[in-house]
Amino acid sequence: MALFDLPVDELRAYRSESTEPDDFDAFWATTLDETRAHDLDARFEPVDTGLTTVDVYDVTFSGFGGHQVKGWLTLPAGTDRPLPLVVEFVGYGGGRGLPHEHLLWASTGRAHFLMDTRGQGSAWGAGGGTADPVGGAPSYPGFMTRGLDAPENYYYRRVFTDGVRAVEAARSHPLTDASRTVVLGASQGGGITLAVGGLVPDLVAVAPDVPFLCDFPRATVLTDRHPYREIGLFLKTHRGRTGDALRTLSYFDGVHFAARGTAPALFSTALEDQTCPPSTVYAAFNAWNHEEKAIEVYDFNDHEGGGPFQEAAKVRWLGAYA
């Protein structure tokens with residue numbers, strides 16, 4: 001599809017109509033306090049991958065509810081001093097896969113921590129290894145409506161909390177420099193990046209690419225592409241529950257996390273992206289609270305966005321921060 005969203009001049013000024021809950025900060029403070037009552041219990045087991053340029057650790061840590069979450073920590077081979085840390089989150093349906101799939105950031109001389117996404121890892125890539133042991137009310141297939149009945153039950157409450165704990169786990173390793181921590185990811189990974197960027201106050205940089213989970217009131221009616229469409233199909237069956245659903249989603253909207261961002265940020269968007277429409281990305285970008293922010297715009301791309309071009313842009317951009 002060619003351009004289908006707002007013109008670029010309107011995108012630059014666009015603001016979301018998502019209503020921030022009065023107890024947004026209290027909700028997340030309570031969630032993190034409850035999670036931190038569980039020991040982080042971060043464990044790093046060396047893995048023989050056959051790779052000679054990196055050292056890889058199979059990581060397990062306690063996320064939301066004390067549940068075990070997996071990850072990979074990858075370091076340049078023979079590292080003997082703390083390195084700047086890049087924490088990365090994965091796109092919708094994917095998992096942490098295999099270590100050799102994720103070599104970019106260690107190749108730049110940084111420590112790289114990749115978080116698995118609970119319950120996912122079976123739609124693409126090489127799989128995941130983290131269960132989501134929490135049940136929920138009836139939902140449409142996928143993850144977007146799991147626990148949609150209440151903010152306390154919603155799936156992304158667990159995932160976003162896992163993201164904060166992933167930063168804490170990665171920082172606990174002696175060869176990572178906690179004072180130089182970056183978070184990044186694409187699509188769902190970009191949405192998790194925004195949440196963590198709003199919940200962790202001492203990051204040095206944030207880089208969400210074509211971020212998902214932003215501006216729910218617009219996204220759910222603008223695009224009929226999954227995963228946002230899962231919400232519409234759920235509400236197609238559960239008539240009359242739109243207001244309640246949007247209230248739950250407002251606690252997880254990247255726009256509200258962006259308003260709490262305290263680090264320089266590099267966003268990206270694609271103007272033909274029907275999965276994460278550009279207006280929803282600009283809604284978060286325009287709300288981002290730090291004055292040092294930029295957005296890369298890919299005029300004729302869909303949800304692949306900048307792909308390797310955006311990776312190159314991030315490598316250049318991060319040189320000033322970590």
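Two strands count as paired if DSSP finds at least two bridges between them. Keep that in mind as you look at this predicted model: strand S6 (residues 176-186) and strand S7 run parallel and are joined by five bridges.

- Opposite valine 206 you will find alanine 265 of S8.
- S7 (residues 205-209) is largely enclosed by the rest of the structure, because five of its five residues are buried.
- Ala205, Ala207 and Asp209 point one way from the strand, while Val206 and Pro208 point the other way.

**Threonine 193 in helix H5**
- Threonine 193 sits in helix H5 and has 0% relative accessibility, so it counts as buried; the cut-off for buried is under 20%.
- Its side chain reaches the backbone nitrogen of glycine 185 at 3.2 Å.
- Beyond its neighbours within four places in sequence, the contacts of threonine 193 include Phe89, Val206, Ala207 and Pro208.

**Helix H10**
- Ten of the ten residues of H10 (residues 278-287) are buried, so this helix is largely enclosed by the rest of the structure.
- Among those buried residues are Pro278, Tyr282, Phe285 and Asn286.
- What covers them includes helices H1 (8-13), H5 (188-199), H6 (216-222) and H9 (254-258), along with strands S8 (265-270) and S9 (293-298).

Conventions: Residues numbered from 1 in each chain as written. Predicted model: local features only at pLDDT ≥ 70, side-chain atom pairs only at ≥ 80, totals over all residues. Heavy atoms only, no water. Buried < 20%, exposed > 50% of the residue type's maximum accessible area, 1.4 Å probe, protein only. Helix = DSSP H or I, 4+ residues; strand = E, 2+ residues; numbered from the N terminus. Contact = heavy atoms within 4.5 Å. Polar contact = N/O pair within 3.5 Å; in protein donor to acceptor, adjacent residues only side chain to side chain.
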